Amino acid sequence: MLNRRTALARSAQVALMLGGLGLMPRAAFAAYPTAAFEAKTIADLMKALGAGAPVESKDVTVTAPDIAENGAVVPVGASTTLAGAKRLLLLVEKNPSVLSAAFDVNEFVEPSFTTRVKMGQSSNVLAVALMADGRVLYAQKEVKVTLGGCGG
Amino acid sequence: MPDPMRIRAQAAGDKTTVRVLMSHEMETGLRKDAAGKTIPAWFIQEVTAQLNGKPVLSAEWGPSVSKNPFLQFIVKGAKAGDKIAVTWRDNRGETRTDEATVS
Amino acid sequence: MRSTRMMAAIAAATAAFTAVPLLAQTQQPKSAADGIAEYRKMLEDGNPAELFEAKGEDLWKTPRGPKNVSLEACDLGLGPGVVKGAWVQLPRWFPDTRKVQDLESRLLSCMQTLQGFDAAEIAATPFDKGEQASVTALAAWISSMSRGMKMALPQKHPEEKRAYELGKRAFFYRGGPMDFACASCHGEDGKRIRLQDLPNLTKNPGDGVGFAAWPAYRVSSGELWSMQRRLNDCFRQQRFPYPGFASDVTVALGVYMGVNAKGAESIAPAIKR
Amino acid sequence: MKIRHLTALAVIAAGAAQAQTARQLDQQTAAMMRASFRDQGIATVERLNQDDAQKACSQAKPPSAAVAKKIETAQLAAVKWPSDGQFIGDWKEGEKLAQNGRGMTWTDASTAAAKNGAMCYNCHQIDKKEISFGTIGPSLWNYGKLRGVADPADPASAAIVKYTWGKLWNSKAYAACSNMPRFGHAELLNEQQIRDVMALLLDPKSPVNQ
């Protein structure tokens with residue numbers, strides 16, 4: 001059994017090893033951005049990230065279904081065709097906390113990520129690109145969350 | 001010990017699509033149990049990936065990512081036979097690393 | 001079908017107007033059914049049932065239980081240790097237990113005889129807890145080993161035929177405060193509850209539908225459900241009392257639905273709302 | 001034709017033995033049901049006890065016209081009409097009830113009607129704004145409007161108003177083997193809740209009749 005202590009020790013070893021090689025990813029060094037993940041509105045989120053007001057852009061794409069058969073699992077994706085994106089964020093406007101996921105963009109990955117999120121109700125889903133030049137670009141799409149099954 | 005991930009990495013030219021399924025509750029901290037007690041938050045906070053040991057992906061997640069999470073990303077410059085390792089770490093400090101070979 | 005063709009026509013028309021900005025394109029009017037179909041399609045790639053399949057394979061091959069042996073000598077109907085193809089022929093008659101058994105009840109027998117577990121105790125354990133979770137994971141892996149094969153339940157043994165007849169009667173049995181039977185929801189073609197399609201289980205409902213889709217990963221609960229769990233929740237929604245795990249009525253219904261589905265391709269474990 | 005003929009011959013040949021078997025299977029089914037289920041919370045095994053209507057509608061084949069007629073007559077006689085003569089309640093409450101699919105399962109705490117939903121959208125289209133609706137029952141969009149109900153209190157509307165109450169109270173009064181629960185008869189909804197669902201269907205102000 002891998003208990004909590006050995007798990008921590010092991011990840012510390014990995015961190016040391018990667019750090020020693022000068023290959024430590026930024027996120028592993030940085031503390032988890034709790035304030036960003038607790039932001040209740042998009043404005044609060046941008047404040048927590050030290051970013052400016054987002055501007056809608058056709059160079060950013062959000063992928064999501066029109067209708068979700070169940071709000072517990074909604075497939076969503078964020079991507080951009082622009083060079084110079086630093087981070088891609090996935091947001092659900094009407095969730096208790098708006099930020100679902102943040103992905104670092106670097107030279108080794110395509111600026112295109114897909115995951116699945118929980119949605120408490122019908123809402124806009126946003127893909128936000130934080131650009132190296134300080135611009136904040138986004139695309140959004142409304143996802144309708146339906147009531148399903150017998151409902152009991 | 002956390003259950004293993006399922007990782008698929010498929011190369012097409014210069015781009016390798018990596019699909020990952022992780023076994024995790026992703027508890028939001030907002031739900032209550034049958035007795036009305038709040039179930040504490042328990043979720044993956046960080047996901048990283050290495051290609052042959054070189055960091056290629058770094059992501060941070062909140063508790064609104066779905067239970068048993070799915071992640072897809074595209075790595076540049078990988079070829080068949082390369083190793084993709086994925087690591088997650090949750091808010092309890094638990095971590096899990098699994099590896100797949102690019103096909 | 002009609003709506004798919006219409007969507008294709010709209011897509012073609014949109015493509016002709018390349019000046020239409022990308023943002024506007026995502027706002028196509030779509031029927032609810034098309035929207036749901038699109039949602040399901042997006043989930044197919046990456047079914048978390050795979051996580052349970054991996055666990056189940058491990059559980060099958062690892063020595064466990066009071067006797068510390070694996071399940072590799074378990075006979076699922078095609079001989080000891082034969083897993084591939086076993087799922088599409090269950091439930092069936094087993095001479096050793098002198099019973100018609102479905103996958104889950106057969107697993108209980110094997111876990112008791114081979115590994116020394118107490119089958120009755122596992123049957124009484126709530127879903128997803130303790131060895132019940134093992135049975136579910138095993139069912140996920142075993143069913144996955146028949147993926148793409150056609151349902152072919154045997155109906156040679158008189159007890160298999162009798163189970164079909166009893167299952168049919170149970171399927172049409174009305175009761176409870178809402179007068180529901182299985183047939184109330186699953187007795188006709190093309191019906192749905194809310195937006196969920198209801199397979200007609202009185203006949204072969206088609207490939208990968210109904211009996212040929214379970215076990216399945218349930219998106220709504222993030223759990224894997226075997227057919228036993230599926231039936232349990234059907235009875236709950238039917239407002240019936242609680243069916244015992246692997247009880248005769250659940251096995252008989254399995255025979256009725258499975259035999260009706262003869263020739264349908266199994267996609268189990270599937271992904272469901 | 002030939003197959004049917006052969007089957008007929010087989011049935012004659014098997015004769016009494018065949019009929020006996022069918023009856024035996026019915027008895028075995030009853031025993032199997034009793035042995036397979038147990039009480040859980042409010043859902044007790046007594047729920048397996050069938051009344052005449054449930055029993056007559058428990059085969060793949062519907063009962064004969066005569067049996068169906070008998071059931072319908074008995075069920076109609078059991079309908080309770082509103083005690084104060086008021087048929088119409090609040091459509092907004094009716095919509096909430098129509099959306100609510102809860103109640104009477106073994107995970108519900110109480111069998112009190114006040115705790116139950118009317119679960120209408122599970123099987124019917126009602127307000128067109130709700131896209132998540134079932135199709136086991138017919139669409140009820142424009143239910144009152146299509147039937148010419150401009151004022152439910154108008155004597156001209158009396159017949160349809162009364163029928164709708166009866167249908168909600170005891171669907172089997174009009175179709176012996178209806179798939180619809182008997183909301184009043186089985187005490188799934190109380191009088192006021194039925195009034196509210198009535199309003200959703202018949203009130204000219206209800207979104208259903210726009």
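In the predicted model, strand 1 of chain B and strand 2 (residues 15-21) of chain B run antiparallel and are joined by seven bridges. Within this pairing, A9(B) has V18(B) of strand 2 of chain B as its bridge partner. The two strands belong to an open sheet of six strands, ordered 2(A)-4(A)-7(A)-5(B)-2(B)-1(B), in which the pairing is antiparallel. The edges of this sheet are formed by strand 2 of chain A and strand 1 (6-12) of chain B; each has a single partner strand, so one side of each is left without a neighbour in the sheet. From one strand to the next, the twist averages 15°.

Along the principal axes, the C-alpha atoms of chain B fill a box of roughly 55 × 20 × 20 Å. Of the 103 residues in chain B, 50% are buried. Among the contacts in chain B between residues at least 6 apart in sequence, 55% join residues at least 24 apart.

On the chain A side of the sheet, strand 2 (residues 60-63) of chain A is joined to strand 4 of chain A by four bridges, and the two run antiparallel. Here T61(A) stands opposite S79(A) of strand 4 of chain A. Strand 4 of chain A is also joined to strand 7 of chain A, through six bridges and again in the antiparallel sense; V74(A) has V117(A) of strand 7 of chain A as its bridge partner. Strand 4 (residues 74-80) of chain A is largely enclosed by the rest of the structure, because six of its seven residues are buried.

The contact between chains A and B was examined next. Chain A contributes 38 residues to this contact and chain B contributes 32 residues. On the side of chain A that touches chain B, helix 1 (4-20), helix 2 (26-29), strand 6 (99-104) and strand 7 (109-117) of chain A each supply at least two residues. Strand 7 of chain A gives the most to this side, with eight residues. By class, the side of chain A that touches chain B comprises 24 nonpolar, seven polar and seven charged residues. Strand 6 of chain A further pairs with strand 4 (residues 54-61) of chain B in the antiparallel sense, over three bridges. In that pairing, A59(B) is the bridge partner of F103(A).

Elsewhere in chain A, strand 9 (residues 136-145) of chain A includes K141(A). This residue, K141(A), counts as partly exposed because it has 19 C-beta neighbours inside 10 Å, whereas a buried residue requires 20 or more. The C-alpha atoms of K141(A) and F113(A) are separated by 16 Å, the two residues being 28 residues apart along the chain.

A further contact joins chains C and D, with 34 residues from chain C and 41 residues from chain D. Two or more residues of the side of chain C that touches chain D come from each of several elements, including helix 9 (182-186), strand 3 (191-193), helix 10 (227-237), strand 7 (242-243) and helix 11 of chain C. Helix 8 of chain C gives the most to this side, with four residues. The side of chain C that touches chain D has 17 nonpolar, seven polar and 10 charged residues. Strand 7 of chain C and strand 1 (residues 37-38) of chain D run antiparallel and are joined by two bridges, with Y242(C) opposite R38(D) of strand 1 of chain D.

In soluble globular proteins, nonpolar side chains tend to be buried together. The largest nonpolar core of the model has 179 residues, and those with the most contacts inside it are I142(C), A252(C), V197(D) and M198(D). Helix 11 of chain C gives the most to this core, with eight residues. That helix, spanning residues 248-260 of chain C, has 13 residues and reaches 18 Å from its first C-alpha to its last, close to the 18 Å expected at 1.5 Å a residue. Helix 11 of chain C is mostly covered, with 13 of its 13 residues buried. When neighbours within four places in sequence are left aside, M198(D) is in contact with F87(D), I88(D), G89(D), T164(D), W165(D) and L168(D). A second, separate core has six residues, among them A53(D), A56(D), C57(D) and I71(D).

Technical notes
Residues numbered from 1 in each chain as written. Chains lettered and ligands numbered in written order. Predicted model: local features only at pLDDT ≥ 70, side-chain atom pairs only at ≥ 80, totals over all residues. Contact = placed C-beta atoms within 7 Å. Nonpolar A, V, L, I, M, F, W, Y, C, P; charged D, E, K, R; others polar. Pairing = 2+ DSSP bridges. Expected span 1.5 Å × (residues − 1). Buried ≥ 20, exposed ≤ 12 C-beta atoms within 10 Å, placed from the backbone. Core = buried A, V, L, I, M, F, W, Y, C linked by C-beta atoms within 7 Å. Axes fitted to C-alpha atoms, helices over the stretch in contact; angles between N-to-C directions.
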